[in-house]
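Subject: Structure handover

Dear colleague,

Please find below the structure that I promised to pass on to you.

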Amino acid sequence: MNGYSFELITGPMSCGKTEELLRRIRRCVIAKKKLKVFSPLIDTRSNGDYIESRNGLWADAIKIEHSIQIMHHVKPEDEVIAIDELQFFDSNITKVITTLMNDGKKVIGTGLELDFKSEPFGSMPQLMCIATKVDKLHAVCMKCGCEHATRTQRLIDGKPADKSSPLIMIGGDETYEARCIKCYELPDKNAGKHQSNLRILNFMHK
């Protein structure tokens, strides 16, 4: 077993990150490796203590609120640590994964690299830097059908969410869809206010 590694699976919503994680978990089970699976407590899309892909695959998982709690569950004999939805964990997740690697564990994780505003999500930039292998998956754009969707489009009542929406909003296909860069939209309802304020400031300084 090759430990001291961190495989990171990333990409937008609906690109198959959890499905790929479950495939690798299954291979570890076949190889009779001692394995533990973790998932953030904030992700309520699964009704129980498990992770599940869109195609119905699933695996038992330990729900965690704070990343440091992972270390309380990992035993010396555990060989593989799988962690889903890394973007939802606090900033200590980077130290936790580094510690696991230094302890000789193989870590496999998934995470959204970009949030709905197309900005780096949580600790994903740091995690991509320390990963020994990064697999960046693409999805099918739900607007034009191209196979290179890299953005996660948030929808509210079927329309693109405004830039001022909360950063974290748990939801499924009715709330998020994958889009390519061309079709991705991020309206800003405050843009007009900013322009008005700028015009007022310019007028006052004349």
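**Overall make-up**

Of the 206 residues in the protein chain, 45% are buried, where buried means under 20% relative accessible area, exposed over 50% and partly exposed in between, with a 1.4 Å probe and protein chains only. Please keep in mind that this is a predicted model, in which local features need pLDDT of at least 70 and side-chain atom pairs count only at pLDDT 80 or more, while totals for chains, interfaces and linings use all residues. Residues are numbered from 1 along each chain as its sequence is written, and side-chain values use heavy atoms, with hydrogens and water left out.

The protein chain has 5 helices and 11 strands; these are DSSP runs numbered from the N terminus, with helices being H or I of at least four residues and strands being E of at least two. Among the contacts in the protein chain with a separation of 6 or more, 74% are between residues 24 or more positions apart, a contact being heavy atoms within 4.5 Å.

**The nonpolar cores**

The largest nonpolar core has 19 residues, of which Phe6, Ile70, Ile83, Leu86, Ile93, Ile97 and Leu127 touch the most other members. A core of this kind is a set of buried Ala, Val, Leu, Ile, Met, Phe, Trp, Tyr and Cys residues joined through side-chain atoms within 4.5 Å. Two or more residues each come from β1 (5-10), β6 (80-83), α3 (93-102) and α4 (124-130), and α3 gives the most, with 5 residues. Another core, of 12 residues, lies apart from this one and includes Leu21, Ile51, Ala61 and Ala82.

Leaving aside neighbours within four places in sequence, Ile83 is in contact with residues including Leu21, Phe38, Ile70, Ile93 and Ile97.

**Ser123 and Met124**

Ser123 is placed in the loop between β7 and α4 and is buried, with a relative accessible area of 7%. Beyond its neighbours within four places in sequence, Ser123 is in contact with Asp90, Ser91, Ile93 and Thr94. Met124 lies in helix α4 and also counts as buried, at 0% relative accessibility. With neighbours within four places again set aside, the contacts of Met124 are Leu8, Thr10, Leu86, Gln87, Gly111, Leu112 and Glu113.

**A sheet of three strands**

An open sheet of 3 strands runs in the order β10-β9-β11 with antiparallel pairing, and two strands are taken to pair if DSSP finds at least two bridges between them. Because β10 (159-160) and β11 (176-179) stand at the edges with a single partner strand each, one side of each is left without a neighbour in the sheet. Strand β9 (residues 151-156) is joined to β11 by 4 bridges, and Gln153 stands opposite Glu177 in β11.

**The second largest pocket**

The second largest pocket holds about 170 Å³ of space. A pocket here is an open set of points on a 1 Å grid over the protein atoms alone, where a 1.4 Å probe fits and protein lies on both sides within 12 Å along at least five of seven lines, and lining residues have an atom within 4 Å of a point. The volume is the space filled by probe spheres set on the points, which are joined across faces, edges and corners. Of the 12 lining residues, Arg24, Arg27, Cys28, Lys106 and Ile108 are the closest to the centre of the pocket. The largest share of the lining, 5 residues, comes from α1. By class, the lining has 4 nonpolar, no polar and 8 charged residues, with Ala, Val, Leu, Ile, Met, Phe, Trp, Tyr, Cys and Pro counted as nonpolar, Asp, Glu, Lys and Arg as charged, and the others, Gly among them, as polar.

With best regards
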